Amino acid sequence: MSEIALEVVGLVRRVQGVISHTLVNGIDLSVEKGEFLAITGPSGSGKSSLLYLIGLLDAPTEGEVIICGQPTSKLSETERADVRLTKCGFVFQFHFLLPEFTALENVLLPMRAHGRMSAKDMHDRAMALLTSLGLGEQTAKRPNQLSGGQRQRVALARALSNRPEIIVADEPTGNLDTASTEQVFGILRDIADGGQTVVVVTHDAALAARADRRIHIVDGKIHETTFGGARKPEIAAVTGTAE
Amino acid sequence: MTTNLLLSIAWTHVSTRVRQTLVGMFGVAMGVGFTIMMAGLMQGSQIDFLRQLVDTMPHITINDERRSVPSQPAEQEYAAVAMSNVANVNPRPGIRYPDAVMASLKSWLPGDVAPSARTTAIIDHGGGRIGVTLTGIDPRFEVHVSKLASQMREGQLSDLSKAANGIIIGLALAEKLAVKTGNTVVLAGGEGTQISATVVGIFRSGLKRVDEGQIYSLVGLAQTLMGQNGIINELRLRLNDPLIAQKVATQVEAQTGYKSVSWQEANSDLLSSFATRDFIVLTVMGAMLLSSSFATYNIISTITHEKRHDIAIMKSLGMREASVRRIFILESMMMGSVGILFGWILGYLLCYAWSKITIYNTLTGATVPLSIYYSPMHYVATGAIATLCCAVAAFFPARKATRVHPVEIIRGAS
């Protein structure tokens, strides 16, 4: 039986304001280690909200997010930050690289924040990651000297630097041309095939179809689950959601 | 979270914003520099004034008064006796057995003592009549208890003995009466005695009230004007350490029974006004440093505003809020530290430049440089206060910025 990397139980996120509304409305979900999960849905459906809850960037109103067996609803903000640092890697639609730092320094950032590796090991790993993503010649360049696709690959290298269990990506190809989109999605696919869990929010149905599983969110609820790829039987067995 | 990482992010922020960093540093440097200059100037003038005061006056003056009415013999003998309407027996003024008192004091006093006869008189010259204080001194002892010898502008202290009824007068008084050395003036005492005296010297203490209203003679001349031969009504003490004058005065008074007034007690109003002045100066200096920290506050506010995406991303990567906040406090401290360093240099240069400025005193007619007091304490204190101001100035905008939820920024960006 496969190992569960991420489990979401009865997840609700309500926003209180002049007009209160529910962003995520009772989602249950299990994601296997090494699974590539795509979350799709129309704008405002709650897919990004679900992603932020999964990545512990936001706290649920109700429910629980369990990451690698660790319940997170009762963690303090500091403890949540520590979980993000070690177990989650983020990639956003906008690369969000630190503009004054080089590509190498951006990739080093999470490792330096974690502080568990020697300077040499950190440097070697950052270089290896950038080289494996085809950026071996761009390490000394700042984000404004890189193309959109290169920036997003640097962001991916940064997300991978601390060897997180889960890669959380919010529209990672939203601002990229077709070639770069293909490249980035290929990398995400490779990451999942390498054993890390990948959860991606995307509008691109063609790309989502290449994931192991696609969940379609409407009004904060899972409207439809679609399996694809070779992992379907295993996933269905684990989650019990096979159609 | 490794401090090296925070330092490197902070350094990157300040080094890539040269203009803002320079403005912040300039603000701190100006605040620190001018505060040091103010402190040096204010304390310098105060110390200079006190030094003049201490040099001009005896540190302790013992006179023939008592702080309270002496008890009657019957009161001392019988506890139940109450005395009222005690007849005024007009005892002979002056300190009794002054030589014995002086000898007794000299045995333990950390300094010197000199006898004097002090009275008031009117000095008359060329139609000008001015009331003065006449102090009859013994030049042999006087050199040990006052700086009068070094304050002489014309003549010498020993000249008092060389002329019949010689007197030494203050420069301001001499100018008022148009008196020169060698002139003869008339002194009128309280008992109606009139004596012709010769001006044998002119002194300048630097204190207007002394230079205008004090004259010196030999003890004998003062006694004659008082009509009390042999009277010594004042003993003047000079201590090795003027700052213990109050304590010694209390001991002397307990020993002799005569009222002993330290220079601090004699100038208590003035010293009290100094305390008020110190408070005002400290408030002004604090305000200057605080104002300079507003520049830091503005700059850190601007940086945190510009860096809100970076803050969001650092938090989303797993950096703790406190660590991100520390980055901006470190930035402020970096700007502050360099600013303080330049402020110290500026402060020293300002103090040096100000010490070259001379002021003409219309009363004394002297041109004197501004007194500056150089103290490492000024540098340490301004540095510490400026550092604290920088930390506080950065803390609030940094706290506000780092409290923002990263999702709000990330959603805003998209």
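**Close-up views of chains A and B**

**View 1. The contact between chain A and chain B.** In this predicted model, 22 residues of chain A are in contact with 20 residues of chain B, two residues being in contact if their C-beta atoms, placed from the backbone, lie within 7 Å. Helix H2 (77-87) and helix H3 (103-114) of chain A each supply at least two residues of the side that touches chain B, and H2(A) gives the most, with 6 residues; helices (H or I, at least four residues) and strands (E, at least two) are DSSP runs, numbered from the N terminus. Residues are numbered from 1 along each chain as its sequence is written, and chains are lettered from A in the order in which they are written. Local features need pLDDT of at least 70, side-chain atom pairs count only at pLDDT 80 or more, and totals for chains, interfaces and linings use all residues.

**View 2. The largest nonpolar core.** A nonpolar core is a set of buried Ala, Val, Leu, Ile, Met, Phe, Trp, Tyr and Cys residues joined through C-beta atoms within 7 Å, where buried means that 20 or more other C-beta atoms lie within 10 Å of a residue's own, C-beta atoms being placed from the backbone. Of the 119 residues in the largest such core, A:Ile39, A:Leu188, A:Val198 and A:Val199 touch the most other members, while the largest share, 10 residues, comes from helix H13 (residues 321-355) of chain B.

**View 3. The surroundings of A:Leu188.** Leaving aside residues up to four places away in sequence, A:Leu188 touches A:Phe36, A:Ala169, A:Val198 and A:Val200.

**View 4. A second, separate core.** This core of 54 residues includes B:Leu105, B:Ile123, B:Leu148 and B:Val261.

Terms used
Buried ≥ 20, exposed ≤ 12 C-beta atoms within 10 Å, placed from the backbone.
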